[in-house]
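Hi everyone, thanks for making time.

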Amino acid sequence: MTADAGLPGAYEGMLPADLVLVCGVFGNITDEDVERTVDFCARSCAPGGAVLWTRHRFAPDLVPQICTWFEERGLTREWLSAPESEFGVGVHRLTGHPTERPGPAPGERLFTFLEPA
Ligand SMILES: C[S@@+](CC[C@H](N)C(=O)[O-])C[C@H]1O[C@@H](n2cnc3c(N)ncnc32)[C@H](O)[C@@H]1O
């Protein structure tokens with residue numbers, strides 16, 4: 001399908017999912033948008049489902065904070081690429097209860113890509 005991936009409505013009828021891929025996104029958006037998108041990915045997982053995500057390791061390295069954001073939402077770190085790799089790749093699985101925080105408001109965007117520097 002072709003859709004704006006930053007709009008939660010684009011995923012209607014697909015969730016919850018056993019596998020959520022968010023690749024090539026976290027390195028192109030603000031930290032605030034990353035946290036909002038982590039939250040949406042976490043709540044998009046079926047019980048036992050996993051999120052596979054990527055983020056570059058350039059300073060400031062946000063990978064540890066992304067792990068924390070997933071883990072605060074009941075997902076367990078299943079795999080993380082080595083810190084010396086240029087790219088961060090992680091797999092977090094929903095092993096706890098889904099988050100009870102409120103989800104995005106109607107029409108709220110998850111993220112907007114930043115213009116290249
Ligand atoms: C860094 S590339 C990653 C491509 C692929 N997911 C990967 O990991 O190889 C980011 C892609 O997201 C697209 N993109 C940017 N904003 C988007 C949006 N709101 N909805 C869907 N795609 C978007 C860009 O045009 C670009 O093709």
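I'll start with the overall build and then go into a few residues.

First, some housekeeping. This is a predicted model, so local features need pLDDT of at least 70, side-chain atom pairs count only at pLDDT 80 or more, and totals for chains, interfaces and linings use all residues. Residues are numbered from 1 along each chain as its sequence is written, and side-chain values use heavy atoms, with hydrogens and water left out.

Okay, the build. We have 2 helices and 4 strands, and from the N terminus on they come in the order β-α-β-α-β-β. The radius of gyration is 14 Å, close to the 13 Å that the globule rule gives for 117 residues, so this protein is as compact as a globular protein of that length. On terms: helices (H or I, at least four residues) and strands (E, at least two) are DSSP runs, numbered from the N terminus. The radius is taken over C-alpha atoms, and the globule rule is 2.2 Å times the number of residues to the power 0.38. Along the principal axes, the C-alpha atoms fill a box of roughly 40 × 35 × 25 Å.

How much of the protein is buried? Of the 117 residues, 38% are, where buried means under 20% relative accessible area, exposed over 50%, and partly exposed in between (1.4 Å probe, protein chains only). Now contacts, meaning heavy atoms within 4.5 Å. Taking those between residues at least 6 apart in sequence, 69% join residues at least 24 apart.

On to the charges. There are 9 positive and 17 negative side chains, and the centres of the two sets lie 2 Å apart. Lys and Arg count as positive, Asp and Glu as negative, while His and the chain ends are not counted; each charge is placed at NZ of Lys, CZ of Arg, CG of Asp or CD of Glu.

Next, the rings. The structure holds 4 aromatic pairs. Rings of Phe, Tyr and Trp (its six-membered ring) pair if their centres lie within 6.5 Å; planes under 30 degrees apart count as stacked, over 60 as edge-to-face and the rest as tilted.

Why does the pair of Trp53 and Phe70 count as stacked? Their ring centres are 5.9 Å apart and their planes sit at 25°, so stacked is the label. Trp53 belongs to strand S2 (residues 45-56) and Phe70 to helix H2 (residues 63-72), so this pair ties together parts that are 17 residues apart in sequence. Both residues are buried, and together with Phe26 they form one aromatic cluster.

Another pair, Phe111 with Phe113, is tilted, at 6.0 Å centre to centre and 50° between the planes. Phe111 is buried, at 8% relative accessible area, whereas Phe113 is partly exposed, at 43%.

Back in helix H2 we find Cys67, which is buried at 0% relative accessibility. Leaving aside residues up to four places away in sequence, Cys67 touches Trp53, Arg77, Leu80 and His92. Its C-alpha is 7.2 Å from that of Arg77, which is 10 residues away in sequence.

Last, the backbone. Most peptide bonds are trans. Here, though, a cis peptide bond joins Leu15 and Pro16, with omega about 5°; Pro16 lies in the segment before strand S1 (17-22). A cis bond also joins Ala59 and Pro60, with omega about -5°, and Pro60 sits in the loop between S2 and H2.
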